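Biologist: I would like to go through this protein with you, one question at a time. Please show the sequence and the structure before we start.

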Amino acid sequence: MSRRYTVHHVGRQIEQLITFGIEAVSIAGTLMGGIIGVFDFKNQWAAYYAIAISVIVWLVEYPRSKRRKGNTPARPFQEYIAPIWNAFGPIYKFYYIRFIFHLAVAIPLFFCLPTILGGIFMVSSGTLYFVAALLGEKWVPIKLAFGSGAAPAGKPASQGHISAPPSQPPPRAPPKARADNTEELQG
C-alpha cells in the first residue's frame, strides 16, 4: 500500500517535531556549548550569550501548544508561564515570528567554536517553525481541564467530574442509544 502524504499529514508531523523534540535538543546544545565556551576560548562573550539565550528560549518554548486533534497534556507549571506569553498576542502565537526569533538569536552563536552546534540547532528549529507557519500552524493555548494539576481561575478543583470507565468494549453505541437499550432490557 502506498501512503499519500497530504499537507495536513505533513503539518501534523511538523507539529509533533516542534512539540516533542527539536527544541529540547536546541536548548541543550546551546547551553552545553556555552558552558564549554566559557573555559578559555576566543569570543567568550558568545559563550555567555549562549547560556543566557538558552534560558530565554527555554522559557519561550516551554508552554505546549494545543494539538489540532486529541488530548494535549499541559506541562508542569505551564499554567503559570503560558498566560504571560499569551498576553503578547500574535507576537507569540504566530510561527513566522518564532522563525525570525530563532534565526536572530542563532547569529551570535557562530562566533565561538563550542556554540556553533547550538547555532546550527537554532537555525534548524527556526526552519521547522517556518515550514509549520507555511502549513498554517500557530500556537494555541491549552485550556486547563480537571485533573491537570491546577484548577482554572475562579473554579475550585472539586467541581470536576470523573467518569467511570467504559463497561462495554468498543465499538460502543452513543450514550442515548445505550440508555434506551437498558430501559428496554429492564422493562
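Modeller: The protein chain exposes about 12300 Å², and carbon and sulfur atoms supply 67% of it; accessible areas come from the Shrake-Rupley method with a 1.4 Å probe, and for residues only the protein chains shown count as cover. This is a predicted model, in which local features need pLDDT of at least 70, side-chain atom pairs count only at pLDDT 80 or more, and totals for chains, interfaces and linings use all residues. Residues are numbered from 1 along each chain as its sequence is written, and side-chain values use heavy atoms, with hydrogens and water left out.

Biologist: How many helices and how many strands does the protein chain have?

Modeller: Helices (H or I, at least four residues) and strands (E, at least two) are DSSP runs, numbered from the N terminus. Along the sequence the pattern reads α-α-α-α-α-α-α-α. The totals are eight helices and zero strands.

Biologist: What percentage of the 187 residues is buried?

Modeller: A residue is buried under 20% relative accessible area, exposed over 50%, and partly exposed in between (1.4 Å probe, protein chains only). Of the 187 residues in the protein chain, the buried share is 32%.

Biologist: Where in the chain are Trp 45 and Phe 111, the two members of an aromatic pair?

Modeller: Rings of Phe, Tyr and Trp (its six-membered ring) pair if their centres lie within 6.5 Å; planes under 30 degrees apart count as stacked, over 60 as edge-to-face and the rest as tilted. The structure holds nine such pairs, and in this one the centres are 5.8 Å apart with 40° between the planes, a tilted pair.

Biologist: Why does Trp 45 count as partly exposed?

Modeller: Partly exposed is the class between buried and exposed. Trp 45 falls in that class because its relative accessibility is 47%.

Biologist: Why is the pair of Phe 99 and Phe 130 tilted?

Modeller: Phe 99 is in helix H6 and Phe 130 in helix H7, 31 residues apart. Their ring centres are 4.8 Å apart, and the pair is tilted because the planes are at 40°.

Biologist: Which residues do ring pairs link with Trp 85 into a cluster?

Modeller: The cluster is held together by ring pairs. Besides Trp 85, its members are Phe 88, Tyr 92 and Trp 139.

**Charges**

Biologist: Over which ring does the charged end of Arg 98 sit?

Modeller: A charge sits over a ring if NZ of Lys or CZ of Arg is within 6 Å of the ring centre and within 35 degrees of the ring normal. For Arg 98 the distance to the centre is 4.2 Å, and the ring belongs to Tyr 92.

Biologist: Which residue forms a salt bridge with Glu 61?

Modeller: A salt bridge is a side-chain nitrogen of Lys or Arg within 4 Å of a carboxyl oxygen of Asp or Glu. The whole structure has one. Glu 61 lies in helix H3 and its partner in helix H6, so the pair ties together parts 37 residues apart in sequence. With its closest N and O atoms 3.1 Å apart, the partner is Arg 98.

Biologist: Are Glu 61 and Arg 98 buried or exposed?

Modeller: Glu 61 has a relative accessibility of 9%. It touches Arg 75, His 102 and Tyr 129, among others, where contact means heavy atoms within 4.5 Å. Both Glu 61 and Arg 98 are buried.

Technical notes. Lists of a residue's contacts leave out its neighbours within four places in sequence.
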